[in-house]
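Welcome! Take a moment with the view below before reading on.

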Amino acid sequence: KRVEITIEAPLTGRLTKALQGAGVTGYTILPVRGGSGRSGEWSREGQVGRGGMHCVVCMIRPDRLDALLEAAFAVVEPHIGVVSVTDAKVLRAERF
């Protein structure tokens, strides 16, 4: 599974610690420049605060998904954030 968690940048450290506690050993953190959602358009220069947003992306086995989601929602639930899960096929699995 591919899990993408978009969250306020100051919470990224708390999120990655929670993911590691749930057994997630690898992830990528990407800066988010802006977007549009329920409240309209936003950018890192304005509406979401000085720190902006980050997207934490990880690939996990399906049997580890529930633990990851439980850990992620413990951090994300009271804040601005979006969690998505998609099916994915890992190429070069020997490197994963």
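Which residues are exposed on the other side of helix 1? They are K17 and G21. Keep in mind throughout that this is a predicted model.

## Helix 1

Let's turn to the buried side of helix 1, which holds T12, L15, T16 and L19. Seen down the helix axis, these buried residues fall within an arc of 95°, so they line one face of helix 1. Their cover includes strand 1, strand 2 (28-32), strand 5 and helix 2.

## Helix 2

Helix 2 has 12 residues, which at 1.5 Å a residue should span 16 Å. The C-alpha atoms at its ends are 16 Å apart, which agrees.

Its buried residues are L65, L68, L69, A71, A72, V75 and V76. They cover an arc of only 165° around the axis, which puts them on the same side of helix 2. Facing away from that buried side are the exposed residues D66, E70 and A74. Among the elements covering the buried residues of helix 2 are strand 1, helix 1, strand 5 and strand 6.

## Strand 1 and its partners

Now look at strand 1, where five of the seven residues are buried, so the strand is largely enclosed by the rest of the structure. Strand 1 pairs with strand 5 in the antiparallel sense, over seven bridges.

In soluble globular proteins, nonpolar side chains tend to be buried together. In this model, the largest nonpolar core has 16 residues, and V3, I5, L15, L19, I60 and L68 touch the most other members. Two or more residues come from each of strand 1 (2-8), helix 1 (12-21), strand 5 (53-59) and helix 2 (65-76). Helix 2 gives the most to this core, with six residues.

Leaving aside residues up to four places away in sequence, I5 touches L15, L19, H54, C55, V56, A72, V76, V82 and V83.

Note on methods: Residues numbered from 1 in each chain as written. Predicted model: local features only at pLDDT ≥ 70, side-chain atom pairs only at ≥ 80, totals over all residues. Heavy atoms only, no water. Core = buried A, V, L, I, M, F, W, Y, C linked by side-chain atoms within 4.5 Å. Buried < 20%, exposed > 50% of the residue type's maximum accessible area, 1.4 Å probe, protein only. Helix = DSSP H or I, 4+ residues; strand = E, 2+ residues; numbered from the N terminus. Contact = heavy atoms within 4.5 Å. Pairing = 2+ DSSP bridges. Expected span 1.5 Å × (residues − 1). Arc of directions from axis to C-beta.
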